Every structure is written in C-alpha cells, then in structure tokens.
Amino acid sequence: MINIVLFGKPGAGKGTQAEFLKEKYNLTHLSTGDIFRFNIKNETDLGKLARTFMDKGDLVPDEVTIKMLESEVDKNQDSAGFLFDGFPRTLAQAEALDAFLKSKNQSITATIALAADDNILVARLLERGKTSGRPDDQDEEKIRNRYQEYNEKTAPLMNYYNNQGKFHAVNGIGSVHEVTNRLSLVIDQL
Ligand code: AMP
C-alpha cells in the first residue's frame, strides 16, 4: 500500500497531476478542496461553514478538516492506497494524519512537492478563475491571502516530512505530461 501526499502551492497543478497518478498507481484521490466544494454545492452544514473561510482564501479550521478527511478515508476501506491532495496543510493536520494512519497500521509513504514560482502561479490561478467559477481564483487579493496561508501554515510541513526522510520535490513547470513523468520517477523508486 502506498500513501502519497501531493504538496504544492495553490495553482501548482496538484489536482491535474492527481487525475493521472490515481489511474496509473490505482490510488484513491482525496482532495479536501474538492470535498469542501462538493459540500458547498449541495448546501450541507459543512459546506456552509467551509464557505465562510474559503471565500476569503483562509484555511478551514483543523478540527473540521481533519474529521472530514478521516471519514473519507474510512469510506474507502478497500483502497490500495491514497493520494492526498491539499491535505495536510497545517502541522496539526499532518500530526493527526500520521496518528490516524498509525491506528490502521499504515503510514505516509512519501510527500512530493510540485515546485513553482509564485508569480507564475498567481497568473495561472487568475486564468483558471475565468472558467473555474471559483470565487477564490478570481480576486488577486484572495489569491495572495491563500499564498500567505501557505507560507505561514503549510510550508513548515516540508521540514516535518523531511525530518522523517519522506520529502521529495519535482519541478512543477512544464507540460502536464512532463510533470507526470517527473512524479512517476519518484513514485517508482519508493
Ligand atoms: P484547494 O482546492 O486545495 O485549493 O482548496 C481550496 C480551499 O479549500 C482552501 O483555500 C481552503 O480554504 C480550503 N481547504 C482545502 N483543503 C484544506 C485543508 N487541508 N485545510 C484547511 N482548509 C482547506
């Protein structure tokens, strides 16, 4: 069983790459952003709560996010492995995920970051915002706030996984196919 965390700033291409990797390695793709958006669309209580944070580009509180992620993992008991996309984003989430997997005799196999320059990513997100319909992609101030959240709360996770010998990074700039190949090279050596 392999459990992979896809790591990277907003717009780095995590979702796009996950679509290819989940097929190639038979993994269950869990994107917390997608699950929140599904709940917003269906007007659930979770969606209403998450929206108040997401619309501003703030992170949704840990307690809510961790509970939701754990319940999604439990819904996929027969999975051959997970591809976590957009989770964990804080130290508390990373620690909770480790403890949760340990309770199931599992662990994170590797974390792979898609590295890219901020200015390229902001431009990409604004472009995506024209068609994605996502309010958090359409306003440069919200986008900058998402980067601030990333730098303050998520970037420290690189050290967390590095200290466990589980951190890898690939160049996230290139064609979708090129980046998938770079990720595959890392995964094939795990
Ligand atoms: P994403 O689709 O991964 O860019 O996530 C979109 C938004 O969903 C983020 O800006 C946060 O508001 C929220 N979100 C997604 N994943 C998490 C997480 N692991 N922790 C907190 N908030 C999250």
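The tour goes from a helix pair to the loop that joins it, then to the ligand, and ends at a peptide bond.

This is a predicted model, in which local features need pLDDT of at least 70 and side-chain atom pairs count only at pLDDT 80 or more, while totals for chains, interfaces and linings use all residues. Residues are numbered from 1 along each chain as its sequence is written, and side-chain values use heavy atoms, with hydrogens and water left out.

Select helix H2 (residues 32-41) and helix H3 (residues 45-54), whose axes come within 7 Å and cross at roughly 120°; helices here are DSSP runs of H or I with at least four residues, and strands are runs of E with at least two, numbered from the N terminus. Axes are lines fitted to C-alpha atoms, for helices over the stretch in contact, and angles run from 0 to 180 degrees between N-to-C directions.

Now show the side chains of Gly33, Phe36, Arg37, Asn39 and Ile40 in H2, which meet Leu46, Gly47, Ala50, Arg51 and Met54 in H3 (contact means heavy atoms within 4.5 Å).

Between H2 and H3, pick Glu43 in the loop, where phi is positive at about 50° although Glu43 is not a glycine.

Next, select the ligand: a polar side-chain atom of Arg37, a residue also in the H2 contact with H3, lies 2.9 Å from one of the ligand's oxygen atoms, and a polar backbone atom of Gly86 is 2.9 Å from a ligand nitrogen atom (a polar contact being a pair of N or O atoms within 3.5 Å).

Finally, go to Pro88 in the loop between strand E3 (82-85) and helix H5 (91-102), where the peptide bond from Phe87 to Pro88 is cis, with omega near -5°.

Note on methods
Polar contact = N/O pair within 3.5 Å; in protein donor to acceptor, adjacent residues only side chain to side chain.
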